[in-house]
Amino acid sequence: MSDQSFKKRGVDYPFARGHRTLPGKYYHDAGIYDEELEKIFYKFWILACRAEEIPEPGDFKTIQVGDESLILTRNSGGNIEALFNVCSHRGTQLCVEPKGTFKTKTIQCPYHAWTYGLDGKLIGAPLMNEGEGFSKEDCALPKAHVHNWEGFVFVSLAEEPELFEVQMEALMGKFSEWGMADLRIARHIEYKLDCNWKLILQNYQECYHCPGVHPLLSELTPFQSAQHDFSKGAVIGGFMDITKERGSMTMDGEAAAPPVCDVAGDDLQRVYYYSVFPNMLLTPHPDFVLFHHIVPKGPGSISNHCYWLFDPKVISDEKAQERIQSAIDFWDMTNRQDWQVCEQMQVGTKSKRFTRGYYSGQEDILVALDKEVLKALGHDDPK
Amino acid sequence: MSDQSFKKRGVDYPFARGHRTLPGKYYHDAGIYDEELEKIFYKFWILACRAEEIPEPGDFKTIQVGDESLILTRNSGGNIEALFNVCSHRGTQLCVEPKGTFKTKTIQCPYHAWTYGLDGKLIGAPLMNEGEGFSKEDCALPKAHVHNWEGFVFVSLAEEPELFEVQMEALMGKFSEWGMADLRIARHIEYKLDCNWKLILQNYQECYHCPGVHPLLSELTPFQSAQHDFSKGAVIGGFMDITKERGSMTMDGEAAAPPVCDVAGDDLQRVYYYSVFPNMLLTPHPDFVLFHHIVPKGPGSISNHCYWLFDPKVISDEKAQERIQSAIDFWDMTNRQDWQVCEQMQVGTKSKRFTRGYYSGQEDILVALDKEVLKALGHDDPK
Amino acid sequence: MSDQSFKKRGVDYPFARGHRTLPGKYYHDAGIYDEELEKIFYKFWILACRAEEIPEPGDFKTIQVGDESLILTRNSGGNIEALFNVCSHRGTQLCVEPKGTFKTKTIQCPYHAWTYGLDGKLIGAPLMNEGEGFSKEDCALPKAHVHNWEGFVFVSLAEEPELFEVQMEALMGKFSEWGMADLRIARHIEYKLDCNWKLILQNYQECYHCPGVHPLLSELTPFQSAQHDFSKGAVIGGFMDITKERGSMTMDGEAAAPPVCDVAGDDLQRVYYYSVFPNMLLTPHPDFVLFHHIVPKGPGSISNHCYWLFDPKVISDEKAQERIQSAIDFWDMTNRQDWQVCEQMQVGTKSKRFTRGYYSGQEDILVALDKEVLKALGHDDPK
């Protein structure tokens, strides 16, 4: 990573002079939210889960994407499937548990016992005769497309999605030194928030708010050190310097663990921040990886799931627990500081007297984020 | 009953080959729900209460039908009235109690003391002078039409409803052996459910789900024994065999009480299931009668009231209580098994990937139910 | 006051013969409610708070007007400002506390630390360079207009409101004997109610309901004694006689305190009732002043804030507390009696069978109130 070319935010890059924010309706209007579901969340590649959460054939996790529920499961061949959680017979939701294991390696509808394989094929429909309008083949569960990148499972609900590598071009080849596929979840916290999903991405992509909102973070990584490499596409980010030698983002600023995998050189003194549009925030530290999984529930409502990934050897080391906790405490505190201002921005932007705000040079990435949203929706730049 | 001609479900009747379910929007769309209120619940004869619930002049029960509240009361002549629960003066709801007695044999508005007779006529309006735009006669409470069938009080909110005997043609003459008018409520349980009202009717009219959902019911009355007599109109149903001699639907399968009234012959070994469109499920057993009263609250929300009717002599016999309880326990358990799958079907049918499902031959009655709904709404058969 | 000319309700005034109420949709329709926000609450002068609630520069109170939040604060010059509570930078709500003090005499956004003076001027925007689309002058907080009348702070959210003295013409010069600016809040109770805001005004402006709803009030001030002076505009009201010599509205009918300020003569035996359209009810008694501040939350939802104002010397007199409490208890009881029937009217008017009700002569003021609403909305008189 560290050999890539970055530019200093607000310095090498021209200030975002004259750039205005989105109008307030983009955070409140039910029609725009529905459009976002159709044109972004039901179409783009989006984060679904970690592969480690469904390690064995038959293990499953259910996730919600807008009005759609998906069953993420591993089939008998060891591949991950993303099946729409709705029986072809009469539309019953097949699986209500958030996670578990299909012990019989089949998925059976609780209503009329129609039974599907882990690949979604209908293998049992009691008393149904094929022919004259019914064939088992037609009744396979619809599937979403699946792509595993570094242990992160992405899905696309589109019939024919763009290539993962095209949407995620800016992510390709990045972060291989972290060996993320081999990291494991040390902790997961779900935050239920009263704000629009885009406010979380905006909050993540600028540190103009850090001096006031995050005193400790600002001490560990001064916001003036921010550099970024955004250029094209929806994956955008950069890094900030960790001032303390061998430091990290913890309550005392010391590392929580030894460097992960092959992380070395400049990367030992950097925290990277990448927003993987539309629903993932990826934050590799030298010693662990933080990520957020944003699940929109409505124009002004989300679940924001935060995960801490560590080397499995560290997770199983009893003596390491206190340091892991220090990383969790730091980001849980920092998260909550951010959620407070995001929720206040949600409320304020409802005012009819808020037309469009003003971006500072420190918020130039947000101009790019807004453009991605407008492009995805096919909306003209608002006047 | 037992001398009527029935046909064996899925055997004598042709399978419902190629029949598809309603599209998912029929369970979720607010516009369709409003249409259902207008064209079905505000127009058809619908179940309102049991006559025994308002035995004496002045006794009342209030019920909700969509946005309308009705006061069911017995007037001085002993006839049942169904009065709109809204004062003609300024629109105040007259009566907020679910049931009680108008001790003065009048209904007085709590706001300005306008007073109505039990027949809805305005008999007192303090300080109001007749003439010039106001006459007491114009200010009688609007009434719904009332019909008492076997102790069940039906109402129609239409100005000019179809004849009760026409809408309920298939019910005429049926079940006289049960002497239902003389039965009494032994128990009432209200279930608040997150599903569309039609899913309850559909669930009631097929036993394809019984082997998986109701193990005990399936043991007492095998689903293959189902026969039905549906032919025309909205009252449709049939029966299932009780395999145990002198058995019934109780926790141990033994009868809960002696046969009701004149029930004899084959009827001693049958449970009948009739859906009385749109809001009643009638289930006569040899020894008691079960019925459900469905009250829609929104596209995805209902109250479902279940009642157990027994011979009043059984109800007042202390030694009979344990057997009554066994019938209550059986159906309470069975109800809850059904509600779970109905609520899962409600969630699942919201998916855009659920277009229309497939009916099996065991679900042929549901094809008829769906047709009644579409006919009532004036909708074409969906493509 | 007492030398003004009043007319006896339902006697000197012609009965409101043939007058009908508003149709039910005026209490339920979301579109009409939105129109009311636009054309009434965002345009008229409305009650905001008491000046005494923000006594010193930097003290503030936040209030909600429809979707808008306002910060009421006192600037360094001692004048009251009403600032829209939304940061010009990106729309964040500046202040979430219901009241408090800006200790630094500035208002700082919690997100990116943009800082405003107490007059709303932007005085600090870190790292922002003026020019090319950004100027501090353009970024002052929008203001609502402010008018202090007798210690009551009114605001108008209109860009160019009507003169306060024009909208409130009927209030000018009234009640000067009470010296209301010098009274202080002895108690505040918030009532959260499920009814439309207009039902509270209607309830307040007729005593036709008093005999049935308020037995004690009717004993202290017979409804037949009501006289009023409404003539034009939205401020309408009158008085009722206090029958007991030196009495007032308390649990035992005795005065709660000595007469306020210069109240004398006939005013010692009167309670005045003025509805100050659209959101204030003003009720001067000989010995204290009651007022209600109505905050609409939706078509069928309000917060109704009731305040008791007394002479500050009485408030600080320990021996006077029991008498103050008697006034609070009386009106709290009377309030709750009113809310019950208002909430029942809200429910009842939803019925499709309620078209338009009938006003009695005792309700003639309500005809005037309805006309004000229709005029403000630009609606024709409903048929």
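Two strands count as paired if DSSP finds at least two bridges between them. I open with that criterion because strand β13 (residues 227-228) of chain C and strand β14 (residues 235-241) of chain C pair in the antiparallel sense over 2 bridges, and at least two are required. Within that pairing, Gln227(C) stands opposite Phe239(C) in β14(C). Please keep in mind throughout that this is a predicted model.

Let me place this pair in its sheet. In chain C, an open sheet of 8 strands runs in the order β1-β13-β14-β15-β16-β17-β18-β12, with antiparallel pairing. Its edges are β1 (7-8) and β12 (184-193) of chain C, each of which pairs on one side only.

I turn now to chain B and to strand β15 (residues 270-276). How many of the 7 residues of this strand are buried? The count is 7 of 7, so β15 of chain B is largely enclosed by the rest of the structure. Both faces of the strand are covered. On one side, the buried residues are Arg270(B), Tyr272(B), Tyr274(B) and Val276(B); on the other, they are Val271(B), Tyr273(B) and Ser275(B).

The partners of β15(B) are as follows. Strand β14 (residues 235-241) of chain B pairs with β15(B) in the antiparallel sense over 7 bridges, and Gly238(B) has Tyr273(B) as its bridge partner. Strand β16 (residues 280-284) of chain B also pairs with β15(B) in the antiparallel sense, over 3 bridges. β15(B) and β16(B) form a hairpin, with 3 residues between them.

Next, the overall form, taking chain A. Its secondary structure amounts to 8 helices and 18 strands. The chain has 383 residues, for which a compact globule would have a radius of gyration near 21 Å; the value for chain A is 22 Å, which agrees. Along the principal axes, the C-alpha trace of chain A spans about 70 × 55 × 30 Å. Buried residues account for 49% of the 383 residues. Of the contacts in chain A with a separation of 6 or more, 66% join residues 24 or more positions apart.

Chain A is assigned two domains: domain 1 (7-41 + 172-377) and domain 2 (46-161). Over C-alpha atoms, their centres are separated by 31 Å. The contact between them draws 14 residues from domain 1 and 9 residues from domain 2. On the domain 1 side, α1 (30-41), β12 (184-193) and β17 (289-298) of chain A each supply at least two residues. By class, that side has 11 nonpolar, 2 polar and 1 charged residues.

Finally, the assembly. How are the two copies, chain B and chain C, related? A rotation of 120° with 0.1 Å of shift along its axis superposes chain B on chain C, with an RMSD of 0.1 Å. The two copies are thus related as by a three-fold rotation axis. Among the residues of chain B, Ala30(B) comes closest to the rotation axis, at 8.9 Å for its C-alpha. Chain B can likewise be laid on chain A by a turn of 120° and a shift of 0.1 Å along the axis, with an RMSD of 0.1 Å.

Terms used. Residues are numbered from 1 along each chain as its sequence is written. Chains are lettered from A and ligands numbered from 1 in the order in which they are written. This is a predicted model: local features need pLDDT of at least 70, side-chain atom pairs count only at pLDDT 80 or more; totals for chains, interfaces and linings use all residues. Helices (H or I, at least four residues) and strands (E, at least two) are DSSP runs, numbered from the N terminus. The radius of gyration is taken over C-alpha atoms; the globule rule is 2.2 Å times the number of residues to the power 0.38. A residue is buried if 20 or more other C-beta atoms lie within 10 Å of its own, exposed if 12 or fewer, and partly exposed in between; C-beta atoms are placed from the backbone. Two residues are in contact if their C-beta atoms, placed from the backbone, lie within 7 Å. Domain bounds come from an automatic or database domain assignment. Ala, Val, Leu, Ile, Met, Phe, Trp, Tyr, Cys and Pro count as nonpolar, Asp, Glu, Lys and Arg as charged, and the others, Gly among them, as polar. Copies are superposed by least squares on the C-alpha atoms of residues with pLDDT of at least 70 in both.
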